[in-house]
Amino acid sequence: EAPGATSPGVRPAAPAAPCGLATGNTLSQPPVVVGSSARGGRGAGLVADADAAVRGTPPPNRGTGAAAAMPPHEEPQEVLLAPALVDVARLCAPPPPNALPFDVLGAAAHSPLPGALGDGAHIALRAAASAYAGILAFVPYGLLVLFGGSGSAQLLATAAYWTVARPAGAALDALWQFSAGCPGLRQNLAATHPTASHFYWSWAMLELATRRRPLWQRLGAVALLSVLLLPVPFAQVLLQDRTPLQAASGAVLGSALGVGFFFLLRLTGFWAVLRAQPSACAPGVVAFWLCPWDNLTTFWGGSMWPRPPPEFARHRKAATPAVLFRG
């Protein structure tokens with residue numbers, strides 16, 4: 001047979017595209033390996049469809065799984081996905097495994113970083129980012145109340161997670177999954193961390209800024225709080241748990257909710273209800289958790305806004321000073 005000739009019915013192979021170029025598409029970076037086409041489930045199907053779209057070929061007919069369309073003796077092949085579609089694959093990936101065996105809610109879960117697993121510096125960075133990204137795991141488990149008692153600050157912070165931050169973060173994550181074409185995926189609490197971290201930062205920042213303290217003390221407290229909470233979304237992006245757009249949108253949503261929560265406490269009469277609570281309870285193990293006391297309105301010299309009535313201020317000045325945590 002003459003060189004270059006093809007058999008009847010056989011389509012000649014297209015010339016190989018240069019690195020970073022797919023047939024019919026121009027990409028600025030080389031493709032990224034995101035998984036194996038032999039894996040079944042929704043994530044593998046999405047990756048295969050996205051890869052087919054990039055290469056200009058029709059998607060495979062998988063039946064009930066991605067592996068169903070593979071010939072009997074064909075070895076599983078790694079799917080190369082263009083960088084522009086990697087975020088879509090991450091959005092539809094299953095939630096990361098629980099990092100700790102007792103973390104039943106998945107509050108400290110994180111995704112393993114691909115590649116460079118033998119690099120000691122890489123492993124140390126990943127471990128540090130994982131520990132930091134789960135800094136908010138103590139809030140949903142009620143550890144603020146367990147170790148700090150039933151002060152109004154601890155009770156409100158725990159209740160706000162389950163009634164404000166968690167539902168809002170889960171709804172935002174569901175919208176991202178719906179936009180990517182994979183609604184209904186299970187979500188763990190780690191998906192709420194960008195929203196929750198900025199919710200607590202904005203709320204606590206306003207609380208600290210309105211305390212009766214010198215300006216330099218309030219600025220220092222806000223700076224320390226910012227270092228503690230603001231980088232949480234960045235850590236999740238570093239761990240590839242969240243895409244940059246997911247983390248940014250969650251942070252913006254959390255900041256707006258935190259500001260709204262601050263004003264909600266003061267403009268609805270709830271602040272007066274908190275002030276009516278005792279600033280301390282009788283000592284005892286049961287009272288430590290079951291006797292609510294007010295430490296939010298009086299913590300760190302009390303809040304400058306709203307200003308308490310004169311008779312209320314005289315009464316509180318004679319009472320026992322409130323503390324944030326009781327030992």
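**Notes on helix α5 and its two partners**

1. Start with the α5 and α9 pair: in this predicted model, helix α9 (residues 244–267) packs against α5 at an angle of about 145 degrees, and their axes are 10 Å apart. The crossing of these two helices is right-handed.

2. Who touches whom here? On the α5 side, the contact uses L156, A160, V164, A168, L172, D173 and W176. From α9 come L245, Q246, S249, G250, L253, L257, F261 and L265.

3. Helix α5 (residues 152–179) and helix α6 (residues 193–209) have axes that come within 9 Å and cross at roughly 130 degrees, which makes α5 oblique to α6. This crossing, too, is right-handed.

4. For the α5 and α6 contact, look at L156, A157, A160, Y161, V164, A165 and G169 in α5; they meet T195, A196, F199, Y200 and W203 in α6.

5. What about α5 itself? The helix has 28 residues and runs 39 Å from its first C-alpha to its last, close to the 40 Å expected at 1.5 Å a residue.

6. One last thing to check on screen: G181 follows α5 and has a positive phi, near 85 degrees.

Definitions and conventions. Residues numbered from 1 in each chain as written. Predicted model: local features only at pLDDT ≥ 70, side-chain atom pairs only at ≥ 80, totals over all residues. Heavy atoms only, no water. Axes fitted to C-alpha atoms, helices over the stretch in contact; angles between N-to-C directions. Helix = DSSP H or I, 4+ residues; strand = E, 2+ residues; numbered from the N terminus. Parallel < 35°, antiparallel > 145°, perpendicular 65-115°, else oblique. Left-handed = near helix turned anticlockwise from the far one by under 90°. Contact = heavy atoms within 4.5 Å. Expected span 1.5 Å × (residues − 1).
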